[in-house]
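Colleague: Would you please take a close look at one part of this model and describe it in a connected account?

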Amino acid sequence: MRRRASICPAPVLDAMVVQVLEGSPRPLSAYHIADRLEGRRGAAQVASVYRSIARLTEAGRVERVETLSAYRLSERRTGVLLVCEQCGMTRTLAMPAMRMVVTAEILASGFGLGRLVIEALGRCAQCADGTPLP
Ligand SMILES: [Zn+2]
């Protein structure tokens, strides 16, 4: 049973969310993050986790994986986010020139670009070899 309200100060909750994400080899949804915080002192409701994620995203520490509706620690690199559909591994492949070309083409079309998200779905090298990560 979840607590009715978070008693955890924002900086403490943010540190706990980062710790949970550091301990996960795969992106986690806000619900999974909240589940992993259960039992810890000051465990948070999902709404508090979402607010924490918003703060951490604004600070550049966490990023959303759109295709998984989940969050991971930011690699602080721009490029294409590779998402393994088999094991859930994610990794940013730096491709700054490609992003600049895509951005320029979008802006030239007159579209008001808010945020550019480029994610590639497939299988990581370990899964392609038949040895998925644990
Ligand atoms: Zn994989």
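Modeller: R76 is exposed, having 9 other C-beta atoms within 10 Å; a residue is called exposed at 12 or fewer such atoms, buried at 20 or more and partly exposed in between, with C-beta atoms placed from the backbone. The model is predicted, so that local features need pLDDT of at least 70 and side-chain atom pairs count only at pLDDT 80 or more, while totals for chains, interfaces and linings use all residues. Residues are numbered from 1 along each chain as its sequence is written.

R76 lies in the loop that joins β2 to β3 (79-84); strands (E, at least two residues) and helices (H or I, at least four) are DSSP runs, numbered from the N terminus. The phi of R76 is near 55°, a positive value in a residue that is not glycine. Most residues other than glycine have a negative phi. S69 also has a positive phi without being glycine, near 50°, and sits in the loop between β1 and β2. S69 counts as exposed because it has 11 C-beta neighbours inside 10 Å.

The buried residues of α1 are L13, M16, V17 and L21. They lie on the same side of α1 because they cover an arc of only 135° around the axis, taken over the directions from the helix axis to the C-beta atoms. On the other side of α1, P11 and E22 are exposed.
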